Amino acid sequence: MKVKETIAFIGKADDSSSSLIRKLARKNYPLVLVTKDDPDLVKLSGQILDETPQADVEIIDCVKEGCWEADVIVLANAVTPEPEWVENIKAVATQKILVYLSFTEKDATYPVEMTKALRWLMPHSKVVQARLNPVSQVVDIAGEEEAVATVIDIFSNTDYKTILKPFIET
């Protein structure tokens, strides 16, 4: 049996990201929720443990430490990485998958631009762009072939429909 990837989440706990995090916890993915100041993410962790007592969910307030523990790093909610985050992530993310995840009902240019920037800033990470439509539960995924296969597997295991898209250079 394949060991499931540890996934670190950096971003705010809104309805869309909370739903995804809950689904991953129910499917026994080890989760690291990285936050310094999001009480909703801390609250979500407690709710997950109430709903799924066997869940492996940890709250860490240090970006570097949280990303060091992870196999897959997710920047959720189209969060704009702070320069300090980028340096801390870059220090521990060599050969790791970095997913720039946006939640949108339509294509958006900003996630494409941010993904391109992350590819440039973190050339030794495997950057993947994912756009999750919270209404249709469809995820468009683009990026490096090996990394994309892992990300598709993760989303598919949580009952999302995945669509492989070419990365759009703008």
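Contact means heavy atoms within 4.5 Å. This is a predicted model, in which local features need pLDDT of at least 70, side-chain atom pairs count only at pLDDT 80 or more, and totals for chains, interfaces and linings use all residues. Residues are numbered from 1 along each chain as its sequence is written, and side-chain values use heavy atoms, with hydrogens and water left out.

**Exercise 1. The surroundings of L31**

Task: Find which residues L31 is in contact with, leaving aside its neighbours within four places in sequence. Then place L31 in the largest nonpolar core.

Solution. 
Step 1. A nonpolar core is a set of buried Ala, Val, Leu, Ile, Met, Phe, Trp, Tyr and Cys residues joined through side-chain atoms within 4.5 Å. Buried means under 20% relative accessible area, exposed over 50%, and partly exposed in between (1.4 Å probe, protein chains only).
Step 2. The largest core has 33 residues, and those that touch the most other members are I7, F9, L31, V99, L101 and F155. Helix α6 (residues 145-157) gives the most to this core, with five residues; helices (H or I, at least four residues) and strands (E, at least two) are DSSP runs, numbered from the N terminus.
Step 3. A second, separate core has 21 residues, including V34, W85, L98 and M114.

**Exercise 2. The sheet**

Task: What is the order of the strands in the open sheet, and which are its edge strands?

Solution. 
Step 1. Two strands pair if DSSP finds at least two bridges between them.
Step 2. The eight strands of the open sheet follow the order β3-β2-β1-β4-β5-β6-β7-β8, and the pairing is mixed.
Step 3. Pairing on one side only marks β3 (57-60) and β8 (161-164) as the edge strands.
Step 4. For a parallel example, take β1 (residues 7-10) and β2 (residues 31-34), which are joined by four bridges; A8 has V32 as its bridge partner in β2.

**Exercise 3. Strand β6**

Task: Are the residues of β6 (residues 126-133) buried or exposed, and how does β6 pair with β5 and with β7?

Solution. 
Step 1. Eight of the eight residues of β6 are buried.
Step 2. From β6, K126, V128, A130 and L132 point one way, while V127, Q129, R131 and N133 point the other way.
Step 3. Strand β5 (residues 97-103) runs parallel to β6 and is joined to it by seven bridges. One of these links I97 to K126.
Step 4. Strand β7 (residues 138-143) pairs with β6 in the antiparallel sense over six bridges, and A130 has I141 as its partner in β7.
Step 5. The hairpin of β6 and β7 has four residues between the strands, and Q137 takes a positive phi near 65 degrees there.

**Exercise 4. Residue I163**

Task: Why does I163 count as partly exposed, and which residues does I163 touch?

Solution. 
Step 1. I163 lies in strand β8.
Step 2. I163 counts as partly exposed because its relative accessibility is 30%.
Step 3. Not counting residues up to four places away in sequence, I163 touches V138, V139, D140 and I141.
Step 4. The C-alpha atoms of I163 and F9 are separated by 22 Å, and these residues are 154 residues apart along the chain.
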